[in-house]
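Hi,

Here is the structure I promised to pass on.

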Amino acid sequence: MLALEWSRALVSTIPGAVVPALLIGGLGLGLVAWGWSPERLGLGTSKLGWRVIGGFGLAAVLLLPAAARAAAVPLLPGGLMAAAVAVSIGEEIAFRGTLFAALEELGGAPLAVIGTTLAWTAAHALSHPAEFLPAVAAAGLLLAIWRMTFRDLVAPIVAHTIADLAL
Amino acid sequence: MRRLWLLAVAAAAYIVAAWSVAPGFYDGFSPPQPYNFVCPPPQAGANAQPSDGALDIKIINGSSDPNSAFTNDGQLVIGFLPAAFDITGKTGVHVSITPVTPCPNPPGLHFSTNTYHITADAPLVKSANLVMRYSNLVADPSYIYRAESLEGPWTQLTVQQQAQLWTISTSTNQLGYFAAGYPSNAISTDGKSNQQILPIVVAALIVAVLLAGVPLTLLRRRQARSGADDEE
């Protein structure tokens, strides 16, 4: 997963390669879940309405610091919309879905929360300046705790996608 | 209940961490390195002054060598083709790039980037390719403008397809003053639109949570009650 994320970050620096790198990277991350049941990944369909609403709530939290300082908000170039969706879903399935389930099986929920947060932060080390990493880690921690609390991945996917599209 | 508290603490920790950096740590999209403004906008925060740049182009076999001049912070790069300069009487060509202070504010235009003065001690006879980087904190520029003097007139140059995020490029057959921006009356509201949209998005999400949460809660209670009735 880390190799995939770092490769994606490096390829994205090549002129014209940003969108293909994000789309292929997102797809690749999604494939990490191959063989896992949806329920193990937190993608079962029970209480789906609640979980989508939970995703809206999480998205509101993720966007709140930017919305409160809207004058400083950068704009996501339109061409990156599809790529943003692909990479958001892929990352959630890979980190909070598959990796979380594997670590939980190995050492319980606390290991899964800490392990996915560390891996998620490390995955962004090449694509983000160092000063952004605490915020990236905090976002990962929040989404992982949601996954642990409600055994749900739908809300993190919804929240992550909305946050990436809005910023 | 303990886990809900943990979730609340994590949400608070995220807000504090996210507040401490500039908004927009895109997930998967490399944030550009901070732009060095001559005249930083209020949202820029800490700002370093932009760099200048210089290049000495050699004369080889009677024509100027192909080469690129750039500012030391990489905010402007200009590439010259072979024999790009009229080198009559020259043993070399010196190119210099200087950020202009104070920032020009021509009527009808809004510049997203610094204005740079590019000079050479020989006339340019072939088009040069110019690439300017811009900040993610300002509205995207639509054009690169060129002028022979700061008083104008500013000529709008045709921009090339964007090869890299946060850059704009064009070709120019003259040197002089360059800045990337847009007509004030065209997309000057572009930056503001997101300023208005994002709070609306967040408000809409909160309203959606509240509005959808109420019927879902009622439905859940009704189901729980009917379950209890069935047991009786």
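To start with burial: of the 167 residues in chain A, 53% are buried. Please keep in mind that this is a predicted model.

Chain A has eight helices and zero strands, so its pattern along the sequence is simply α-α-α-α-α-α-α-α. If you take the contacts in chain A with a separation of 6 or more, 75% of them come from residues 24 or more positions apart.

Chain B is built from three helices and 12 strands. Of its 232 residues, 34% are buried. Among its contacts between residues at least 6 apart in sequence, 65% join residues at least 24 apart.

Now for a helix pair in chain A. Packed helices are described by the angle between their axes and the distance between the axes. For helix 5 (residues 81-107) and helix 6 (residues 109-123) of chain A, the axes come within 7 Å and cross at roughly 140°. That angle makes helix 5 of chain A oblique to helix 6 of chain A, and the crossing is right-handed.

Which residues of the two helices meet? On the helix 5 side of chain A they are Phe95(A), Arg96(A), Leu99(A), Phe100(A), Leu103(A), Glu104(A), Leu106(A) and Gly107(A). Helix 6 of chain A brings Ala109(A), Leu111(A), Ala112(A), Gly115(A), Thr116(A), Ala119(A) and Trp120(A) to the contact. Sorted by class, that makes 10 nonpolar, three polar and two charged residues.

Next along is helix 7 of chain A, which covers residues 133-150. From its first C-alpha to its last, this 18-residue helix reaches 26 Å, close to the 26 Å expected at 1.5 Å a residue. Helix 7 of chain A is largely enclosed by the rest of the structure, because 13 of its 18 residues are buried. Just after this helix, Arg151(A) takes a positive phi of about 50°.

One residue in chain B ties in here. Ala17(B) is found in helix 1 (residues 2-19) of chain B. Is Ala17(B) buried or exposed? It counts as buried, because it has 21 C-beta neighbours inside 10 Å and the cut-off is 20 or more. Leaving out residues up to four places away in sequence, Ala17(B) touches Pro134(A), Ala135(A) and Ala138(A). Those numbers fall within residues 133-150, the range of helix 7 of chain A.

Cheers

Notes: Residues numbered from 1 in each chain as written. Chains lettered and ligands numbered in written order. Predicted model: local features only at pLDDT ≥ 70, side-chain atom pairs only at ≥ 80, totals over all residues. Helix = DSSP H or I, 4+ residues; strand = E, 2+ residues; numbered from the N terminus. Buried ≥ 20, exposed ≤ 12 C-beta atoms within 10 Å, placed from the backbone. Contact = placed C-beta atoms within 7 Å. Axes fitted to C-alpha atoms, helices over the stretch in contact; angles between N-to-C directions. Parallel < 35°, antiparallel > 145°, perpendicular 65-115°, else oblique. Left-handed = near helix turned anticlockwise from the far one by under 90°. Nonpolar A, V, L, I, M, F, W, Y, C, P; charged D, E, K, R; others polar. Expected span 1.5 Å × (residues − 1).
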